[in-house]
Amino acid sequence: MKQSILQIVLDTPLDSSFDYRWQASDENEATPRIGQLVQLSFGRREVVGMIVGTSAESGVPAEKLKNVQSVRHQLPPLSKQWLALCRFAADYYQRPLGEVALPGLPKNLRALTTVALDRGLKKLQQAGAPHDATPIDVARLNPAQQQAADAIAGATGFAPTLLYGVTGSGKTEVYLQAAAQILAHSDNGEDNPSQILILVPEINLTPQLEGNIRARFPGVMVATLHSGLAEGERMRHWLAAHLGQARIILGTRLAVLASLPHLKLIVIDEEHDPSYKQQEGLRYSARDLAVWRAHQLGIPIVLGSATPSLETWHHTQSGRYKKLELRERAVKDAVLPLVRRIDMERDKPSEGLTSTLVSALKQRLERGEQSLLFLNRRGYAPVIACDACGWVSNCTRCTSFMVLHKPEHRLRCHHCSLELRIPKSCPTCGNIDLQPLGRGTQRLEEGLRAMFPEARVLRIDADSTRRKGSAQAAFDSVHNGEVDILIGTQMVAKGHDFKNLTLVGILNPDTALFSRDYRASERLFAQLMQVAGRAGRAAQKEGGSASEVLIQTRYPQHPLYAAVIAHDYDHFATSLLEERAQACLPPYIYQALLRAEAKELETAIEFLQQAANCIEHAGITMHDPIPMTMTRVANVDRAQLLIECPSRPGLQAFLTDWMAQLRQIKTRAKWSLEVDPVDI
């Protein structure tokens, strides 16, 4: 009877593969292959693992070897290239291979029953795979767009390219036309039809882009991959990609780990967005993994943005990345909006709005045009307070405030999700006159409805779009002209093409000017440029308003606002890079962050101190352990230890040795390592 030894990885913290014996149930059963899923017993549990190697013998005594229970032959093996991608991610981010490969698969594929898998394969077989990649309704590109699309489609081998275009310059159209050329080329001469991966930073950006793709390529199967899909739907889309039936794959950061056997082009839209960095579990950067994957496969990759990350901008300046530019808006007669500062020391706000902004809102209402007020703070007010004794609504489990959510009559912590009723009186002194301090989107909405009772006001934030499909319904109402004034957080700041929006008002941006986070100014500039870019994307109507962006600030002379007014990312980024170089900050140095959390802060700090002393670290800068900025979350104290090195390979070599030492330390603290941290 046929048998062999299988090396199998599991979704466990143990950094090794496990040997299992496979024996054929009959002579006709196919021998298992690397990349196939298997079901087996691990300890007292039954789990699903993945084959990463085979051999004739094992170092484990025969009497201790367990048999594999079943092999899922109905699913074609994951490719060697896909496994290599997972190995790279595991090595670079210092995680076991099983913790990368298995969670990278849909949950239903890892279930102990194959019912969902069999059903998904059957549905795909019945649906067939349309492969007519001929696009319809091809838009006419301007010369800069056409040059960019041709350059992307004509690139050979690994060709990282920054598509640097102002907001509204038609970057999406460039992606689609380049995709059309690549798909048509593969249909005319290759055995395996090409696949194209397009990543976007947030789920709410997928419907609009998916609609554009499906309208442009009606004969092509499109798969979408993001965490908002039902598990069965996500698995069907993943299978369509894995089997090569889906030609265009659209998704958020998790899609970078999708199995794509015929991948020929990767597009990272809004590549600067911090949402591409996973903040739990495997803390990977989807953008960076996508670049490595393109290098591995020898294919072009496009990173698109109006405000590129400083890392990407640095790569273009050093010549590692090619730069393609779109300096003008794609729609004829559409121009970049005029940006103005409103000095809040001179024009005192009422209900959060200065008289200048109120006057501009009235003008748009009279002309039937839409306005957007951007306030990146959800809830009614950041805190409620007692004037009599100074009590404030602190969270009892976090070093944070409880945010007032007036419509729900609740106080809510945005860090641990603790909810409490709004107290009728001060818990300390009994004063019944508790006052909200500051302003969130709910309070702004209330004030606007009182100020403009005839206006159709809509708020879009994480609170108003909790139900599935509610975000898309809200955006559709804006596109359909059913909204006069839109209030939004960062959800509305990018990617949305509001044709009738001519005014953007930006409220309370100043707090980011004085943050301890060295990335704060970079992020604020990108955020302001992105939200400003929602205005004036269509040609100005005869008699209509010129598009305008009004920034309410107490610091109108700050150089960041001057750069926003001039739409001058080039100068702003260059000056920031000079500051980073002088301060020895990324991208001129490489970092890792060791975090620890425990019931007592002393326990976390003690572990980090042990970690700092457990190994020699020549060439490595090891900073002192310190409490995190948000020290306590959900009754757990948190601390961190920052590690820096001028060499990426040097840092990686150190981390590999260091992790082996850290696993030997006995501690009550829970710890994790993040490579290339984005929040320090």
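Predicted model: local features only at pLDDT ≥ 70, side-chain atom pairs only at ≥ 80, totals over all residues.
Two strands are said to pair if DSSP finds at least two bridges between them. The protein chain as a whole contains 17 helices and 28 strands. Its radius of gyration is 27 Å, close to the 26 Å that the globule rule gives for 680 residues, so the chain is as compact as a globular protein of that length.

**Overall dimensions and packing**

- The C-alpha trace of the protein chain spans about 85 × 65 × 50 Å along its principal axes.
- Of the 680 residues in the protein chain, 55% count as buried.
- When contacts between residues at least 6 apart in sequence are considered, 75% of them join residues at least 24 apart.

**The seven-stranded sheet**

- Seven strands form an open sheet with parallel pairing, in the order β8-β9-β7-β10-β11-β6-β12.
- At the edges of this sheet are β8 (222-225) and β12 (322-326), each of which pairs on one side only.
- From one strand to the next, the twist averages 20°.
- Strand β9 (residues 248-251) is joined to β8 by four bridges in the parallel sense.

**Helices lying across the sheet strands**

- Helix α8 (residues 286-297) lies across β10 and β11, and runs at about 160° to β10.

**The crossing of α9 and α15**

- The axes of helix α9 (residues 310-318) and helix α15 (residues 569-583) come within 10 Å and cross at roughly 95°.
- Angles of 65 to 115 degrees count as roughly perpendicular, and α9 and α15 are therefore roughly perpendicular to each other.
- On the α9 side, the contact is made by Leu310, Trp313, His314 and Gln317.
- On the α15 side, the residues that meet α9 are Tyr569, Asp570, Ala573, Thr574, Leu576, Leu577 and Arg580.
- Sorted by class, the contact between α9 and α15 has six nonpolar, three polar and two charged residues.

- Ile342 lies in strand β13 (residues 338-343).
- Because residues under 20% relative accessible area count as buried, Ile342 is buried, at 5%.
- Beyond its neighbours within four places in sequence, Ile342 is in contact with Asp347, Thr354, Thr356, Leu357, Leu550, Ile551, Gln552 and Thr553.
- Phe18 is 324 residues from Ile342 in sequence, and their C-alpha atoms are 64 Å apart in space.

Methods: Residues numbered from 1 in each chain as written. Heavy atoms only, no water. Helix = DSSP H or I, 4+ residues; strand = E, 2+ residues; numbered from the N terminus. Axes fitted to C-alpha atoms, helices over the stretch in contact; angles between N-to-C directions. Contact = heavy atoms within 4.5 Å. Buried < 20%, exposed > 50% of the residue type's maximum accessible area, 1.4 Å probe, protein only. Parallel < 35°, antiparallel > 145°, perpendicular 65-115°, else oblique. Nonpolar A, V, L, I, M, F, W, Y, C, P; charged D, E, K, R; others polar. Rg over C-alpha atoms; globule rule 2.2 N^0.38 Å.
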